[in-house]
Amino acid sequence: MGKDVLTGVHFLSGNHACVEGAIAAGCRFYAGYPITPSNEIAERMSVRLPQVGGIYIQMEDELASMAALVGASWGGAKPMTATSGPGLSLMQENIGLAAMTESPCVVVDVQRGSPSTGLPTLVGQADVMQARWGSHGDYEIIALAPSSPQECFDFMIKAFNLAEIWRVPVIFLSDESVAHLSERVVIPPKEEIKLVTRKRPSVPPEKFLPFKPGSDLVPEMPIAGEGYRVHVTGLTHNEKGYPDLSAKVHNKLVPRLVNKIRKNADKIVEYEELFTEDAEVILVTFGISTRICRDVIKRARAEGLKVGLFRLITIWPFPEKRIMALAQKIKAFVTVEINLGQVAIEMERIVKERCKTFLIPNAGGAVHDPDEVFAEVKQIVSGLVE
Amino acid sequence: MMPAEEKAFKGLKARELPKEELFTQGHRACQGCGGALALRLVMKAVGNRVIVANATGCMEIISSAFPQTAWEVPWIHVAFENAAAVASGIESALKALMRKGRLKKEKIFVLAIAGDGGTADIGLQALSGALERGHDFVYVCIDNEAYMNTGIQRSSSTPFGARTTTSPAGKKSIGQVTWKKNVAEIAMAHHIPYVATVCPTYYQDMMNKVKKAITTPGPAYIHCLAPCPTGWRCSPNLTIEVGRLAVETGVFPLYEVTNGECKINYPHRRLKPVREYLQLQGRFRHLTDKYIEIIQERVKEEIAKLQALEKFSSFYKNALANF
């Protein structure tokens with residue numbers, strides 16, 4: 001059997017780092033379908049999983065891939081798939097199923113130029129809203145966005161842990177540039193990697209209610225075949241897990257699915273701040289755009305402009321509280337993202353009149369040009385002074 | 001939809017082959033691409049009164065990007081899974097517009113083109129639906145036996161023992177461990193008027209079958225084996241040879257099924273050993289004698305089944321005629 005944690009220093013692409021992160025996090029089941037630019041994940045998984053006693057299956061399409069994750073999750077595995085925008089669209093029905101049945105799983109979405117077939121080999125960041133509300137109905141998921149191969153490794157472990165704790169599908173919003181970027185990746189010793197597994201039943205089978213939530217609104221999860229009665233359904237279900245098609249049960253279940261993320265957002269949300277203490281203007285960004293913004297900030301500080309960086313690590317749930325607090329102190333937020341304003345619209349909603357909000361958009365195909373972003377930031381800053 | 005009177009089409013003679021190129025040069029296929037050759041022959045046989053719906057895949061991406069557009073006919077790129085469904089829409093719309101007199105009544109063919117992934121995997125549902133509804137269209141599957149466009153990942157059409165990037169051969173596996181899905185047989189199960197398998201090595205046979213498919217009222221399905229030097233790991237000058245050996249060894253027999261009556265066209269001589277076909281390709285290089293023997297047995301079995309179908313279907317037809 002091969003090693004599951006390849007402790008040491010490696011030179012890996014973002015996609016390959018995702019695979020190593022997943023395997024280190026205990027992922028032993030992968031079901032996927034080829035799509036550019038996520039293929040390297042499937043390819044490396046097909047080699048690595050058999051080495052560590054896992055299962056790799058290639059499905060006939062994305063619908064089946066995502067459905068297989070729901071099945072594998074209830075079979076006790078930590079399952080994962082990887083795809084890109086068009087594939088994520090096809091997965092949406094089953095992502096809704098995973099949210100409704102509270103099946104922990106991780107979906108890597110290597111974003112590319114979109115909509116439709118778009119730019120299969122070039123970068124995009126336009127799946128932000130699709131990740132949140134692509135499926136029908138009210139539900140909440142968690143989405144993470146890495147900006148480097150090292151973060152692909154680290155956040156993959158985080159993604160699996162979050163999926164297991166909160167029992168939701170976690171969408172890993174990578175993008176083509178991060179995926180195909182090769183950098184130094186440090187994989188820590190196995191003992192240093194903290195893993196979490198889902199809450200298991202604490203009472204004997206005859207007393208167990210599979211969908212009775214704990215204080216954190218998350219129920220304990222049995223595994224099919226352990227002796228517990230497992231009845232899983234996409235229909236509105238009661239605490240026993242049986243369909244109960246009444247407004248009363250529905251109004252208990254759906255708010256709980258939403259609130260287990262919204263009410264616990266403080267425990268989930270992560271972000272990174274740079275020079276925000278004295279900043280007058282803060283760039284808000286995520287994924288590969290973070291690297292562009294870091295460069296812009298360096299230049300701005302060199303010229304004495306008080307510009308800071310707020311980088312989203314979890315895009316969903318959105319770090320609302322911190323943004324509201326920052327908005328009181330500063331003059332403007334500038335969102336830099338490779339889409340036409342999906343995070344920006346969320347910023348506007350949160351910031352309201354507290355300060356100004358700007359957007360530096362890019363439809364995709366290439367990352368922002370740092371020169372252009374810097375010029376625009378300078379213009380915004382000078383406009384604010386007047 | 002029942003087929004109306006069949007036109008007597010005897011087949012193209014070598015001197016009658018159309019000179020017109022509707023899938024032209026300048027596209028960016030790899031050297032020795034069997035798929036591009038197949039498309040060129042298909043378009044020659046179909047002629048210019050056609051609308052093409054092309055699913056995502058090698059053939060779409062090599063032939064459509066500006067300035068290497070190879071198509072001389074109306075052409076629509078659809079998503080991965082829906083060539084048959086979009087073709088259904090086109091055919092229905094033409095029918096409706098002609099019925100209402102908004103379009104001149106004439107024969108406009110509808111051609112759906114997809115790869116093996118877009119046919120045997122993700123597009124199977126759409127294909128089955130279109131065949132069942134009986135739209136008057138031709139579906140051509142350009143089968144290069146893996147997802148070559150995204151980088152040689154296995155599909156359900158990848159043959160047993162082949163190495164791909166997602167069915168790697170090594171200590172734990174011999175590569176693809178399942179047998180190739182027989183989509184032509186699945187199409188036959190829909191009892192459509194015409195099903196055929198073709199290979200561009202047998203160009204005349206191929207063009208004749210496409211011509212027959214397009215003139216047959218109702219749905220027709222053509223499964224084309226398109227050797228892919230890049231993915232099969234063989235020299236680009238061997239495309240034609242590999243195609244010939246696929247047929248002569250019985251790995252990919254060429255046959256047609258017209259209204260349930262099966263006729264095997266090739267191989268028409270004794271089968272060559274499959275080893276001759278396998279050894280030309282790097283994707284089978286790791287196979288030991290044991291696995292080559294397993295493949296040989298399977299090929300014999302499949303050919304025997306096909307021959308039985310041929311005998312049975314003609315017997316059945318005679319029996320029905322004399323009933």
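This is a predicted model: local features need pLDDT of at least 70, side-chain atom pairs count only at pLDDT 80 or more; totals for chains, interfaces and linings use all residues.
**Helix 3 of chain B**

Helix 3 of chain B runs over residues 83–99. Its 17 residues reach 24 Å from first C-alpha to last, close to the 24 Å expected at 1.5 Å a residue. The buried residues are B:Ala83, B:Ala84, B:Ala87, B:Ser88, B:Ile90, B:Glu91, B:Leu94 and B:Met98. Seen down the helix axis, they fall within an arc of 165 degrees, so they line one face of helix 3 of chain B. That buried set packs against strand 1 (50–54), strand 2 (75–77), strand 3 (109–115), helix 5 (124–133) and strand 4 (138–143) of chain B.

B:Ser88 belongs to this helix. Its relative accessibility is 4%, under the 20% cut-off, so B:Ser88 counts as buried. Beyond its neighbours within four places in sequence, B:Ser88 is in contact with B:Ala130, B:Arg133 and B:His135. After helix 3 of chain B comes B:Gly101, with a positive phi near 80 degrees.

**Interface of chain A and chain B**

| Item | Value |
|---|---|
| Residues from chain A in the contact | 17 residues |
| Residues from chain B in the contact | 17 residues |
| Area buried between chain A and chain B | about 1300 Å² |
| Share of that area from carbon and sulfur atoms | 56% |

A:Tyr33, A:Glu43 and A:Gln58 supply 34% of the area that chain A buries against chain B, more than any other three residues. On the side of chain A that touches chain B, helix 2 (39–51) and strand 3 (55–58) of chain A each supply at least two residues. Helix 2 of chain A gives the largest share of that side, six residues.

Conventions. Residues are numbered from 1 along each chain as its sequence is written. Chains are lettered from A and ligands numbered from 1 in the order in which they are written. Side-chain values use heavy atoms; hydrogens and water are left out. Helices (H or I, at least four residues) and strands (E, at least two) are DSSP runs, numbered from the N terminus. The expected span of a helix is 1.5 Å times one less than its number of residues. Buried means under 20% relative accessible area, exposed over 50%, partly exposed in between (1.4 Å probe, protein chains only). The arc is that of the directions from the helix axis to the C-beta atoms. Contact means heavy atoms within 4.5 Å. Buried area is the accessible area (1.4 Å probe) that two parts lose on being put together, summed over both.
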